[in-house]
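Look at the sequence and the model before reading on.

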Amino acid sequence: MAKCPACGAEIKDLRCIEYGTNQYYFDGSSYRWIDFFSDGGREYRCPECGMTLACSEEEAKKILGVQDHGEDS
């Protein structure tokens with residue numbers, strides 16, 4: 001199992017932070033969510049200490065030891 005280089009915690013999953021914009025309706029007193037628009041940015045962080053460990057899904061999979069079984073034709 002992977003360990004966080006910052007805090008030493010055993011890592012079985014990562015916290016994924018996706019960057020973008022939330023859009024809401026505002027009626028003067030409350031907000032109603034419409035949609036989320038991703039800007040494509042993501043960080044994968046240690047769930048214990050919050051240190052960013054990867055900036056792509058591929059890097060995150062390597063940290064977690066997940067083998068990507070892509071389609072090879």
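Is Tyr-31 buried or exposed? Tyr-31 counts as exposed, because its relative accessibility is 60% (buried means under 20% relative accessible area, exposed over 50%, partly exposed in between, with a 1.4 Å probe and protein chains only). This is a predicted model: local features need pLDDT of at least 70, side-chain atom pairs count only at pLDDT 80 or more, and totals for chains, interfaces and linings use all residues. Residues are numbered from 1 along each chain as its sequence is written, and side-chain values use heavy atoms, leaving out hydrogens and water.

**Aromatic rings**
- The structure holds two aromatic pairs (rings of Phe, Tyr and Trp, its six-membered ring, pair if their centres lie within 6.5 Å; planes under 30 degrees apart count as stacked, over 60 as edge-to-face and the rest as tilted).
- One of them joins Tyr-24 and Tyr-31 edge-to-face, at 6.1 Å centre to centre and 80 degrees between the planes.
- Ring pairs link Tyr-24, Phe-26 and Tyr-31 into a cluster.
- Tyr-24 is partly exposed, because its relative accessible area is 43%.

**Cysteines**
- A search of the whole structure finds zero disulfides (a disulfide is a pair of cysteine sulfur atoms within 2.5 Å).
- For Cys-7, the closest cysteine sulfur is in Cys-46, 3.8 Å away, so it is too far for a bond.
- For Cys-49, the closest cysteine sulfur is in Cys-4, 3.7 Å away, again too far for a bond.
- Cys-7 is partly exposed at 41% relative accessible area, and Cys-49 is partly exposed at 40%.
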